[in-house]
Amino acid sequence: MEKRKYGNTDMQVSVLGFGGSEIGSGISQSEVDQLLHSALDAGLNIIDTAECYGDSEELIGNALADRRDDYYLFSKCGHAAGFEAPDWDRNMLEQSIDRSLRRLQTDHLDMIHLHSCSEEVLRRGEVIEVLQRAKQQGKTRYIGYSGDSADALYAIETGVFDSLETSVNIADQEAISLTIPGARERGMGIVAKRPIANAAWTREQVEPQDYAFVYWNRLRDLNYTFLQDKDVQNSIKQALRFTLSIPGVDTMIVGTTKPNRWSENAALIADGVLSQEEFDHIRQRWFATAESEWVGQI
């Protein structure tokens with residue numbers, strides 16, 4: 001699998017990574033073991049999770065503690081999941097990072113991201129200080145910001161972060177112009193989250209409360225011709241390759257509970273980036289259709 005240098009870090013990351021949100025509930029340890037080992041065996045070397053993804057951290061730790069040298073481990077912090085404290089509290093954040101290390105059965109993370117932290121909280125400085133101290137103490141090698149739109153733009157402009165994790169895909173392109181260029185100029189590594197827009201176009205109906213509803217609605221308006229392909233795998237291939245083609249993107253995290261998905265996705269991106277003509281066609285359709293409120297989705 002293709003690997004790319006992750007910003008100014010020492011990491012060479014696979015262009016596909018594992019997103020740990022979907023394993024947070026309702027999946028057994030044996031299923032997670034099979035899923036994650038198959039991911040690593042397929043060439044993935046990025047595991048991305050968060051403190052608020054249910055049992056995700058613990059399941060990952062149980063599955064992969066004995067293969068710690070085979071992958072880069074990213075997690076996120078900020079939400080007081082399981083703590084009697086407000087989100088972004090300084091003491092809670094420190095305890096949350098320590099808990100993540102215990103759950104993941106490791107003495108260090110490769111990256112810890114602030115998890116969709118607002119500009120207002122960032123400006124107070126305390127959350128940044130907690131991450132910087134964790135880095136100094138060896139609990140994480142690098143620190144980053146996970147989020148979108150104006151909040152992400154401010155995070156980038158602080159100049160303190162090594163990484164940006166942001167939503168970007170065929171239905172979510174604000175970051176391509178707003179945040180990714182500045183992040184790259186500062187040497188930040190870039191993770192694309194939600195790289196296939198939750199495959200929202202493959203569903204006949206999506207309820208307004210559903211996580212994929214915003215993308216489903218946008219894609220009806222964007223009406224890309226390749227989404228009409230009766231072979232869903234072809235449209236997913238085009239969507240994945242679009243995200244892979246965005247200048248500055250180093251890796252894309254995909255969540256799944258299906259072990260064979262990794263080899264399937266690896267095959268889908270085997271042709272590499274889109275041609276300039278294909279890429280420009282998708283971008284031009286976005287410019288012609290996107291409304292002002294089509295901002296990055298958390």
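Trainee: What should be kept in mind about the model?
Mentor: The model is predicted, so local features need pLDDT of at least 70 and side-chain atom pairs count only at pLDDT 80 or more, while totals for chains, interfaces and linings use all residues. Residues are numbered from 1 along each chain as its sequence is written, and side-chain values use heavy atoms, with hydrogens and water left out.

Trainee: At what angle do helix 1 and helix 2 pack?
Mentor: Helix 1 (residues 29-41) and helix 2 (residues 56-64) pack at about 65°, with axes 9 Å apart. Helices here are DSSP runs (H or I, at least four residues), and strands likewise (E, at least two). The two helices are therefore roughly perpendicular, a term that covers 65 to 115 degrees.

Trainee: Which residues make the contact?
Mentor: With contact meaning heavy atoms within 4.5 Å, helix 1 contributes Gln29, Val32, Asp33, Leu36, His37 and Leu40, and helix 2 contributes Glu58, Leu59, Ile60, Asn62, Ala63 and Leu64.

Trainee: Turning to helix 3, which of its residues are buried?
Mentor: Met92, Leu93, Ser96, Ile97, Arg99, Ser100, Leu101 and Leu104 are buried, that is, under 20% relative accessible area (1.4 Å probe, protein chains only).

Trainee: And what covers them?
Mentor: The cover includes helix 2, strand 5 (72-77) and helix 5 (126-136).

Technical notes: Axes fitted to C-alpha atoms, helices over the stretch in contact; angles between N-to-C directions. Parallel < 35°, antiparallel > 145°, perpendicular 65-115°, else oblique. Buried < 20%, exposed > 50% of the residue type's maximum accessible area, 1.4 Å probe, protein only.
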